[in-house]
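Thanks, everyone, for making the time.

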Amino acid sequence: PEFAKGGKDGITVRMLLNHQAGLPALREPIPDGGLCDWNAVVEALAAMEPLWEPGTRHGYHALTFGHLVGEVVRRVTGSSLGAFFRTEVAEPLGLDFWIGLPEAHERRVARNLTPEPPAPGEPVPQFYVAAMTDPTTIPGMVVWNSGGILLPGAVDTRQVHAAEIPSANGITNGRGLAGMYRPLALGGEFDGVRLVPEDAVPAMGAVAAAVARDATMLVPTRWANGFLKGQDNHHLPPGENDSVVLSEEAFGHLGNGGSMGFADPRARLSFGYAMNRLGGGVGLDARGQALVDAVYRAMGYRRGARGGMWYS
């Protein structure tokens with residue numbers, strides 16, 4: 001109930017899932033490591049006024065999405081999102097996947113390596129240009145009001161690994177990502193484990209929001225309810241052309257630096273890619289996209305003469 005403050009009483013769960021709630025970043029800075037304090041973050045989100053009238057704009061809720069949706073899960077189920085994910089998804093599917101890593105697994109985690117600096121003259125994504133030049137922009141708030149989580153090495157601490165930061169510290173590998181999406185590629189069930197009803201899968205992959213300029217990422221984006229949809233922006237100028245080229249039926253999500261997981265129900269395909277050397281863009285970088293492209297080509301899919309999405 002306290003979330004209704006500040007003009008947020010009309011926000012629906014669908015707006016949270018579609019990144020339309022107007023809460024893409026915290027309005028004010030928080031202490032270093034502040035995203036690890038679940039109660040402090042959700043209380044700050046409950047207290048703040050939206051950055052736009054909810055439902056009227058779309059902007060990727062880059063680091064707030066997990067707390068917003070996760071608090072709904074906690075209020076409904078009584079479990080934190082990490083605990084709910086563990087008992088309802090990871091354990092039934094046998095996944096090596098954690099949101100809130102037990103200390104016993106700490107030694108197994110690969111450290112992140114920072115992106116290579118851009119070569120002279122190489123275009124920089126507009127998100128980073130805005131964030132580095134104006135902290136009052138939405139990209140600026142994402143970067144500078146995040147308790148330093150995006151600074152080099154920040155996510156490699158035991159404090160961050162142990163916390164539940166669903167938008168930023170899911171810990172797994174490519175097999176774990178693909179395994180999480182596998183039931184969704186197979187009608188909602190795999191090996192006797194049903195995650196969702198079969199008739200829910202088409203709705204999970206249906207486009208719910210498509211915008212010519214995402215208020216956060218500053219590129220065209222498309223979203224299903226809680227999932228990223230493919231978007232080919234290669235025709236746009238450098239710095240605005242970050243893309244994720246999948247098939248039209250696919251839905252999933254990127255991770256910072258270029259990791260990717262998705263389900264493609266028509267192809268009966270699930271895919272996972274993780275790396276520790278981060279890429280520098282805001283889309284699927286050349287490494288991950290090359291792997292996606294190779295998988296679709298191997299399955300007999302094609303792309304049009306001018307690019308676009310993969311199709312069978």
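In this predicted model, there are 9 aromatic pairs in the structure. Let me begin with Phe127 and Tyr128, whose rings pair edge-to-face, with 5.1 Å from centre to centre and 85° between the planes. As for solvent, Phe127 has a relative accessibility of 6% and therefore counts as buried, whereas Tyr128, at 26%, counts as partly exposed.

The next pair is Phe227 with Phe251, where the ring centres are 5.0 Å apart and the planes meet at 70°, and because an angle over 60 degrees counts as edge-to-face, that is the class this pair receives. What parts of the chain does this pair link? Phe227 belongs to the loop between strand 6, residues 221-223, and strand 7, residues 251-254, while Phe251 lies in strand 7 itself, so that distant parts of the chain, 24 residues apart, are linked by the pair. Phe251 is buried, with a relative accessible area of 0%, and Phe227, at 16% relative accessibility, also counts as buried, because the cut-off is under 20%.

Beyond these pairs, there is a cluster in which Phe262, Phe271, Tyr296, Tyr301 and Trp310 are linked by ring pairs.

Finally, let me turn to charges over rings. Arg86 is placed over the face of Trp98, at 3.7 Å from the ring centre, and Arg182 is placed over the face of Phe190, at 4.1 Å from the ring centre. I am happy to go back to any of these on the screen.

Key:
Residues are numbered from 1 along each chain as its sequence is written. This is a predicted model: local features need pLDDT of at least 70, side-chain atom pairs count only at pLDDT 80 or more; totals for chains, interfaces and linings use all residues. Side-chain values use heavy atoms; hydrogens and water are left out. Rings of Phe, Tyr and Trp (its six-membered ring) pair if their centres lie within 6.5 Å; planes under 30 degrees apart count as stacked, over 60 as edge-to-face and the rest as tilted. Buried means under 20% relative accessible area, exposed over 50%, partly exposed in between (1.4 Å probe, protein chains only). Helices (H or I, at least four residues) and strands (E, at least two) are DSSP runs, numbered from the N terminus. A charge sits over a ring if NZ of Lys or CZ of Arg is within 6 Å of the ring centre and within 35 degrees of the ring normal.
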